[in-house]
Amino acid sequence: MRITVIGTGYLGAVHAAGMAELGHDVLGVDVDADKIESLSRGHAPFFEPGFPELLRNNIAAGRLKFSTSLKEAAEFGDVHFICVGTPQRPGSTAADMKYVDAVIEGLVPNLNRASLIVGKSTVPVGTAARLSTMVAGLAPVGAKVEVAWNPEFLREGFAVNDTLHPDRLVVGVTSAEADDTLREVYRTILEAGTPYISTDVATAELVKVSANAFLATKISFINAISEICEAVGADIMPLAAALGHDARIGNRFLSPGLGFGGGCLPKDIRAFLARAEELGIEESLTFLRNVDSINVNRRQRAVNLARDMLGGSLENKRIAVLGAAFKPNSDDVRDSPALCVANALQSQGANVRVHDPEAVENARASYPGLNYTTEVDKAFEGAQLTVHLTEWQEYRQLDLAHLSTLVTSPCILDARNTLDIDHWRAAGWTVRAMGRPTR
Ligand code: UDX
């Protein structure tokens, strides 16, 4: 099939390469000429394990090309996936739809044959219906252009696997033809037995925001319990493990710590609530406000713990910060809890040095006032406190005896609860961990 993927960020670029891997002819389109230039040369513009190989293999096979032109996209494809961002609107909690609308305005007047537009971006419920009205007014071929919705559930860091081997496929369609087209697009994946849920467009849009709201709620739930643990000297780790053994609860997304960040969960729950307000039914979703505030409070809690560990003041204290990305295996720093904490420590007088294996460049662009290093030893040199804020695997394998010779004071705050704290304590470190008893 001839497919275009419009918007080549973390989601779209991987989707484009994934569709080519399934054997389709794919054109990836973006307004960012530098990104298109880089992708065309087979260079991934962001860190995503497995993506560079997928990109290069499919370019080499002649199935994957890139362009900045929506006119070219209209000529090239029969199915057009929209993968542009829907960030939080400035000064509001609602989603900003300007990039999605711009794609429709740029693409649809150039469509001169029957085409299917498939939204993948996370959007307020009702968007597909609104876009259908826009399309009807803009398309030279009128009703032959249909809008469907096919939400994307991929996780950064696992994007390639999640694209080629998803847990489920969800499509929202308004005709049997659109359903047939999408079954054909995903034929290889469906043949592997992947569940396929075909529904109306509003339901498909809601599946995505509901999934993210549920995941965010699960994380904030365990973090709320973690606060109770701290207050009474109980331990959140065995508690979470015990809950997770109940198959009805499950242990995934039940890791307590610094909470969620990234380009999706925080803004998606806010946009969901904003949409419910527009619909006059915010009562049903007010718990999401708590989910958000529990999450944001984790960051303040980490700063407070760091200050306590430093004897009540951050002024002129050297702090080693481990991690800048919003989660490991990603260079994405959008709404990163780690950077938020690092910045708060610095703005309260500390002198932080932030280490991250992949995200330093992006972090520097967002918070140019912080000091960065890509050498972990440099972060530790002279540190009076170390704070572990993004749980990269390499932080679990540090040589503690060696680090003890670098720091001024062997003190660490594990805000992600993934370090072996007994091991650190045995190596002579003072350790605090969020939701865990002090010793
Ligand atoms: C998320 C959804 O998982 C994905 O389905 C959707 O398509 C986009 O949003 P992503 O943003 O890549 O994906 O990150 P995810 O792996 O879900 O993690 C989100 C945040 O939650 C991270 O900051 C992570 O550190 C945090 N998290 C996750 C926890 O704090 N505890 C957990 O138990 C799990």
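The model is a predicted one, in which local features need pLDDT of at least 70 and side-chain atom pairs count only at pLDDT 80 or more, while totals for chains, interfaces and linings use all residues. Residues are numbered from 1 along each chain as its sequence is written, and side-chain values use heavy atoms, with hydrogens and water left out.

What does D246 meet in a salt bridge? Its partner is the side chain of R248, at 2.7 Å from N to O. R248 is exposed, with a relative accessible area of 76%. A salt bridge is a side-chain nitrogen of Lys or Arg within 4 Å of a carboxyl oxygen of Asp or Glu. The structure holds 25 salt bridges.

R113 sits in the loop between α5 (98-107) and β5 (115-119), D78 sits in the loop between α4 (70-76) and β4 (79-82), and the two are 35 residues apart. The names follow a simple scheme: helices (H or I, at least four residues) and strands (E, at least two) are DSSP runs, numbered from the N terminus. R113 is partly exposed at 28% relative accessibility, and D78 is partly exposed too, at 31%.

Another salt bridge joins R436 to D235, with the closest N and O atoms 2.9 Å apart. R436 lies in the segment after β14 (430-433) and D235 in the loop between α10 (201-232) and α11 (236-244), so this pair ties together parts that are 201 residues apart in sequence. D235 is partly exposed, with a relative accessible area of 22%. Salt bridges can also join up: R270, D292, R299 and D335 are linked in a network.

Now step back to the whole protein. It is divided into domain 1 (2-199) and domain 2 (200-439), with bounds that come from an automatic or database domain assignment. The centres of the two domains, taken over C-alpha atoms, are separated by 32 Å. Their contact takes 33 residues from domain 1 and 29 residues from domain 2, where contact means heavy atoms within 4.5 Å.

Where is T8 found? Look in the loop between β1 (2-6) and α1 (10-21). T8 counts as buried, at 0% relative accessibility. Leaving out residues up to four places away in sequence, T8 touches A13, G28, V29, D30, K35, I36, L39, F46 and F66.

The structure holds one cavity of 30 Å³ or more. On a 1 Å grid over the protein atoms alone, a cavity is a set of points where a 1.4 Å probe fits but cannot get out, and lining residues have an atom within 4 Å of a point. The largest cavity holds about 70 Å³ of space; grid points are joined across faces, edges and corners, and the volume is the space filled by probe spheres set on the points. Its lining draws at least three residues from each of domain 1 and domain 2. Helix α12 (residues 265-278) gives the most to this lining, with five residues.

Note on methods: On a 1 Å grid over the protein atoms alone, a cavity is a set of points where a 1.4 Å probe fits but cannot get out, and a pocket is an open set with protein on both sides within 12 Å along at least five of seven lines; lining residues have an atom within 4 Å of a point. Buried means under 20% relative accessible area, exposed over 50%, partly exposed in between (1.4 Å probe, protein chains only).
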